[in-house]
Amino acid sequence: MLYSHIQYSTISNNCIGIFTNTVRINDMKITKIDLVIQHINQQINNRSLMPGSRLPSVRALARQLNLSISTIVEGYERLVAKGIIEAKTGSGFFVAGPLVPLSISEIHPKIDRNIDPLWISRQALEAKSDVLKPGCGWLPNEWMPHEHIRKAIRKVSKTNPNILTDYSTPLGLPALRELLARRMQSKGIEGIANQILLTDSGTQAIDLICRYFLKPNDVVLVDDPCYFNFHALLKVHQVQIIGIPYTKNGPDLAAFATAIQDFNPRLYITNSGIHNPTGAVLNAATAYQVLKLVERSNLIVIEDDIFADLELHTAPRLAALDGLSRVIHIGSFSKTLSGSVRTGYIATKPEWIEDLTDIKIATSFGGNQLSAEILYAALTDGNYRKYLEELKINLAKAMDSTIKQLEKLNITPWFKPQAGLFLWCELPRHLDISSIAQACLENGVILAPGNAFSQSQNFKNFIRFNVAQCSNSKVFAVLSHAIQQEQERQH
């Protein structure tokens with residue numbers, strides 16, 4: 001909020017004193033430095049100070065706002081760091097220019113954008129805090145373990161100062177790789193720390209593998225439906241994408257075999273634990289058959305295990321059955337710990353790790369050592385397991401509650417998943433979820449239409465719900481109204 005000069009004078013007269021660090025404005029506490037920054041920003045925005053104009057001297061503004069000289073100096077320095085003003089030796093501070101024109105299109109997400117594989121991500125990432133996100137792929141902020149992350153950050157900040165500034169080693173933090181190797185062994189995946197490469201995210205892990213194995217026009221198999229960002233990432237690599245119908249037990253084996261025979265694909269990307277978006281789980285029989293087909297082909301499998309820690313019962317892992325021979329195992333902790341402190345990993349055979357490490361260095365040089373240290377501290381402080389147990393209970397409750405709410409709208413789950421975030425649901429066939437999603441977006445609710453997940457585009461009347469993001473009754477009220485509008489439009 002911006003305030004006039006008269007308001008600032010009133011505020012300053014009511015301040016506790018110049019030696020306190022904060023002031024209270026309309027029941028909101030802000031620092032005095034922020035007060036200075038807001039004051040100057042307002043003068044610039046209302047054109048009282050134009051580009052090139054000289055700002056008040058430090059002493060003059062200190063008297064005007066009844067603040068200390070050091071507070072004004074710090075405020076000015078922060079404005080200089082942001083490029084809003086500039087300092088001229090011996091002359092003072094001046095407004096930098098020219099003013100950047102305001103673009104209305106940058107204030108809100110572009111709601112009229114076609115619903116492509118990146119539509120959901122763009123809407124969810126750009127949305128303001130009051131927008132509801134039952135279509136996004138992450139937990140609500142209030143569900144995340146903030147105190148665990150704070151504790152980890154405090155611990156890491158007090159250790160070796162090189163962690164705060166240095167590049168990481170090529171493979172990444174050894175202690176975290178040892179921990180990941182032990183966690184993989186608990187799922188039957190035999191590997192050692194030197195077979196694990198840390199990355200900046202799960203997405204970067206897939207990108208590095210694609211850079212290594214793919215050339216333009218190669219064929220890649222994905223589940224149909226699958227995580228929509230697989231489509232977007234593969235398009236960047238200019239490959240041909242073939243969707244394999246996904247069943248409640250894993251990929252359709254007949255379609256998988258036909259695709260291998262007809263297209264000689266190079267990669268297959270899938271989830272084995274909790275499938276995105278369906279919530280299905282690969283069963284043992286299907287896993288064995290998939291690997292038999294892989295062994296008779298030129299195919300490499302990328303097994304994305306990002307939802308592993310949300311499982312109630314450990315599903316078969318292709319990497320465990322294959323021994324990391326033709327299956328590359330990847331994952332991250334962005335869904336359970338932090339989407340901001342990002343670290344992913346790749347586990348595969350040693351010769352591939354060597355080459356992938358070279359590609360990582362060539363494209364990003366060093367990994368995020370600080371994030372890896374924070375993640376390791378958070379995973380090993382003794383509280384992560386307890387947090388996961390509570391999280392799984394809350395997800396199960398949210399799953400039941402969401403199903404009950406959707407039944408009232410004649411929206412049917414494809415099936416009820418054993419665990420995880422997602423419900424893959426079907427609307428009556430005559431309804432177009434794309435139109436409904438646009439209507440909901442205009443009313444502050446972001447959905448995830450089915451065809452955004454599909455290469456075949458056969459899921460026009462499907463939708464993915466994140467049950468953790470469905471606690472607000474407005475989600476279902478807005479959705480109900482949008483469905484009613486769509487029905488009226490069709491008649």
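Are H6 and H14 oblique or parallel to each other? This is a predicted model, in which local features need pLDDT of at least 70, side-chain atom pairs count only at pLDDT 80 or more, and totals for chains, interfaces and linings use all residues. Residues are numbered from 1 along each chain as its sequence is written, and side-chain values use heavy atoms, with hydrogens and water left out.

The axes of helix H6 (residues 146-157) and helix H14 (residues 369-379) come within 8 Å and cross at roughly 120 degrees. H6 and H14 are therefore oblique to each other; angles under 35 degrees count as roughly parallel, over 145 as roughly antiparallel, 65 to 115 as roughly perpendicular and the rest as oblique. On the H6 side, the contact (heavy atoms within 4.5 Å) is made by Ile 149, Ala 152, Ile 153, Lys 155 and Val 156, and on the H14 side by Leu 370, Glu 373, Ile 374, Ala 377 and Ala 378. These residues divide into 8 nonpolar, no polar and 2 charged.

A second pair of helices, H8 (residues 202-213) and H13 (residues 350-364), has axes that come within 10 Å and cross at roughly 110 degrees. That makes H8 roughly perpendicular to H13. Gln 204, Leu 208, Ile 209, Arg 211, Tyr 212 and Phe 213 in H8 meet Trp 352, Asp 355, Leu 356, Ile 359, Lys 360, Thr 363 and Ser 364 in H13. By class, this contact has 7 nonpolar, 3 polar and 3 charged residues.

The structure holds 5 cavities of 30 Å³ or more, a cavity being a set of points on a 1 Å grid where a 1.4 Å probe fits but cannot get out, with lining residues having an atom within 4 Å of a point. In the largest cavity lies about 110 Å³ of space. Its lining comprises 14 residues, of which Arg 183, Asp 305, Ala 308, Asp 309 and Tyr 345 lie nearest the centre. Helix H7 (174-185) and strand E11 (327-332) each supply at least two lining residues, and H7 gives the largest share, 3 residues. The lining has 7 nonpolar, 3 polar and 4 charged residues.

The second largest cavity has a volume of about 60 Å³. Among the residues that line this cavity are Leu 198, Thr 199, Lys 360, Gln 369 and Ala 372. Strand E5 (196-199) and H14 are the elements that give two or more residues to this lining. By class, the lining has 3 nonpolar, 7 polar and 1 charged residues.

Note on methods:
Axes fitted to C-alpha atoms, helices over the stretch in contact; angles between N-to-C directions. Helix = DSSP H or I, 4+ residues; strand = E, 2+ residues; numbered from the N terminus. Nonpolar A, V, L, I, M, F, W, Y, C, P; charged D, E, K, R; others polar. 1 Å grid on protein atoms, 1.4 Å probe; cavity = no way out; pocket = protein on both sides within 12 Å on 5 of 7 lines; lining within 4 Å. Points joined across faces, edges and corners; volume = space filled by probe spheres on them.
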